[in-house]
Amino acid sequence: MKTTLAVEELKKRSFVIDHPMMIYWPQRHEQVIFKSEYDLDCENGYDTNNGTVAFCTDGTLYVCPYVMGTMKALLEGGFSRKSMYVPFSNGDYPVKGKEYWEQLKKEADEERERELIKDCENFSDSHGFLPIDEKFFESCIEIPEKGIAVRHWNWGEDTYYPQVQGYFDVWAASKIGCYDINNGTCIFVYRNGKTYVTRNYETMKALWAAGYVRKSFFVPFSNGEEILDPEYAQKWASLCQKN
């Protein structure tokens with residue numbers, strides 16, 4: 001099959017498996033030999049699992065982390081979905097080439113983040129959620145993708161995550177440009193999809209002026225929780241003293 005330029009570019013951003021190789025499974029603490037041979041039915045086919053894509057062409061298997069343009073490139077290149085085993089999609093990784101695979105995943109994560117921010121900002125532009133001055137973010141904590149762990153005297157330990165993660169979808173669209181307030185603490189999802197928490201009233205006023213709308217959210221750090229990460233705990237304590 002004559003592949004398109006997009007598929008050729010996809011190959012360059014993929015891990016190539018064209019010979020048997022050793023794969024490590026952390027869950028089982030063991031190494032196994034993965035044989036790359038696929039039957040002819042898998043030629044020009046692809047499959048996905050847990051955000052990882054495997055595709056086979058010219059007798060060679062390629063594995064890459066999923067990003068927005070992956071499916072478009074494969075479908076336009078004439079690939080069709082077939083039942084295939086997808087290496088590196090369950091925590092396993094190549095013993096030789098682990099660093100390269102980790103680098104591919106890191107680059108894909110960065111690309112997905114850029115795609116998400118762009119989609120969120122386009123949505124905000126079309127719905128009138130305006131930017132606010134950068135100075136107001138000095139009075140906020142951004143909830144990172146990994147979350148912020150907390151402990152509450154009543155319900156125990158928990159982790160707070162951003163309202164928008166992964167890809168732009170209906171869920172993301174329902175959160176962007178929205179805020180809620182509890183006990184003087186405000187959570188808001190900014191126009192770029194990032195989640196922030198603040199106790200600064202001037203920041204809240206800026207959100208109102210920028211067209212943000214109130215919606216029912218759980219508001220982190222508004223019920224006496226103890227932040228377990230020392231860095232975030234110190235920053236939140238400092239912000240509370242200022243406001």
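Which residues form one aromatic cluster? Phe129, Phe137, Phe188, Tyr190, Tyr196 and Tyr212 do. The model is predicted: local features need pLDDT of at least 70, side-chain atom pairs count only at pLDDT 80 or more, and totals for chains, interfaces and linings use all residues. Residues are numbered from 1 along each chain as its sequence is written, and side-chain values use heavy atoms, leaving out hydrogens and water.

**View 1. Phe137 and Tyr196 form a tilted aromatic pair.** Rings of Phe, Tyr and Trp (its six-membered ring) pair if their centres lie within 6.5 Å; planes under 30 degrees apart count as stacked, over 60 as edge-to-face and the rest as tilted. Here the centres are 4.9 Å apart and the planes are at 55 degrees, so the pair is tilted. Phe137 is in the loop between α3 (98–127) and β9 (140–142), and Tyr196 is in strand β14 (residues 195–198). Helices (H or I, at least four residues) and strands (E, at least two) are DSSP runs, numbered from the N terminus. Both Phe137 and Tyr196 are buried (under 20% relative accessible area, 1.4 Å probe, protein chains only).

**View 2. Phe221 and Trp236 form a tilted aromatic pair.** The distance is 5.1 Å centre to centre, with 50 degrees between the planes. Phe221 counts as buried because its relative accessibility is 8%; Trp236 is buried with a relative accessible area of 8%.

**View 3. Ser14 sits in the loop between α1 (5–12) and β1 (15–17).** Ser14 has 2% relative accessibility and so counts as buried. Leaving aside residues up to four places away in sequence, Ser14 touches Phe55, Tyr62, Val63, Cys64, Tyr100 and Leu104 (contact means heavy atoms within 4.5 Å).

Methods:
Buried means under 20% relative accessible area, exposed over 50%, partly exposed in between (1.4 Å probe, protein chains only).
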